[in-house]
Amino acid sequence: MDHMDGLTVSGCERCPELCASRSQIVNGSGPADAALLFVGEAPGAREDEQGRPFVGRSGDVLWGALRERGVLREEVRITNCVRCRPPENRDPTAEELANCRDYLEAELDRVDPDLVVTLGKVPTEHLLERDVAVTKEAGTVVEHRLGGAPRRVLVCVHPAATLYDRSQEETFGAALDEAVALAGLGDGTGDGSGQSRLGDY
Ligand code: URA
């Protein structure tokens, strides 16, 4: 098992069921020094196929919403609590989450982001180590010790929640506004003009 760079896991065989269901390990993607690190739950079918996180419908929602706020996906880092696709997209078990925890903590230490954003219930409860009513707490920032350091964690609903329940769109959008502002990204206008700060260079 190789995890020398703090970012890339290969050859892990800690979870027998996930080893059997995965096509490949899905590591985080995005700059290793990103100011903003999103943490999702686990890869789905598209991610398992392509080997990259958030390349399916949830990703379409997230990247689209960030683009509206002037942020490109290339500017942020994104990873998952568990790096292998669970069978039939079931939630990862407590044991699987625990098995993958040190990979996530190593990534947090390596990237050292200004802000961590948890996408949905599983990553929020996993990182904050308590029960969380995510819709109620979405948009709030919590200080929590993760890996080697205290981190600012912003609670956010999962992007897929907006596909099943339109009323979550506003909650999701407000949390993203907060995330972009706290990480110092975006065009700062909040006008949805889609101008990325990368366009300035
Ligand atoms: N949902 C997640 O939580 N993670 C992914 O990588 C894709 C969808």
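Strands (E, at least two residues) and helices (H or I, at least four) are DSSP runs, numbered from the N terminus. Two strands pair when DSSP finds at least two bridges between them.

A quick word on what we're looking at. This is a predicted model, where local features need pLDDT of at least 70 and side-chain atom pairs count only at pLDDT 80 or more, while totals for chains, interfaces and linings use all residues. Residues are numbered from 1 along each chain as its sequence is written, and side-chain values use heavy atoms, with hydrogens and water left out.

Back to Leu-37. On the E2 side, Leu-37 stands opposite Arg-77. So which strands does E1 pair with? E1, residues 36–40, is joined to E3, residues 115–119, by four parallel bridges. There are also four bridges between E1 and E2, residues 77–80, and that pairing is parallel too.

How covered is E1? Five of its five residues are buried, where buried means under 20% relative accessible area, exposed is over 50%, and partly exposed is in between, with a 1.4 Å probe and protein chains only. In a regular strand the side chains alternate between the two faces of the sheet. In E1, Leu-36, Phe-38 and Gly-40 are buried on one side, and Leu-37 and Val-39 are buried on the other.

Zooming out, we have an open sheet of five strands, ordered E2-E1-E3-E5-E4, with mixed pairing. The edges are E2 and E4, residues 141–146, each pairing on one side only. On average, neighbouring strands are turned by 30 degrees against each other, direction ignored. For angles here, axes are lines fitted to C-alpha atoms, for helices over the stretch in contact, and angles run from 0 to 180 degrees between N-to-C directions.

Now walk along to E5, residues 149–156. Four bridges tie E5 to E3, running parallel; Val-117 is partnered with Leu-154 and Leu-119 with Cys-156. On its E4 side, E5 has six bridges, and there the two strands run antiparallel. E4 and E5 make a hairpin with two residues between them, and in the turn Gly-147 has a positive phi of about 60 degrees. As for burial, six of the eight residues in E5 are buried.

What sits on this sheet? Helix H5, residues 121–128, packs on it, touching E1, E3, E4 and E5, and its direction makes about 130 degrees with that of E3. Touching, or contact, means heavy atoms within 4.5 Å. Six of the eight residues of H5 are buried, so this helix is largely enclosed by the rest of the structure. Those buried residues are Val-122, Pro-123, Thr-124, His-126, Leu-127 and Leu-128. Their cover includes helix H4 (94–111) and helix H6 (134–137), along with E1, E3, E4 and E5.

Next, a helix pair. H3 (57–68) and H8 (168–182) have axes that come within 10 Å and cross at roughly 55 degrees. That makes H3 and H8 oblique to each other: under 35 degrees counts as roughly parallel, over 145 as roughly antiparallel, 65 to 115 as roughly perpendicular, and the rest as oblique. From H3, Val-61, Leu-62, Ala-65 and Leu-66 meet Phe-172, Leu-176 and Val-180 of H8. By class, that contact has seven nonpolar residues, no polar ones and no charged ones. Nonpolar here covers Ala, Val, Leu, Ile, Met, Phe, Trp, Tyr, Cys and Pro; Asp, Glu, Lys and Arg are charged; the others, Gly among them, are polar.

Most residues other than glycine have a negative phi. Phe-54 isn't a glycine, yet its phi is positive, about 55 degrees. Phe-54 lies in the loop between H2 (45–50) and H3. Is Phe-54 buried or exposed? Buried, at 5% relative accessibility. Asp-112 also has a positive phi, near 50 degrees, and it is found in the loop between H4 and E3. Asp-112 is partly exposed, at 47% relative accessible area. And just after H5, Glu-129 takes a positive phi of about 60 degrees.
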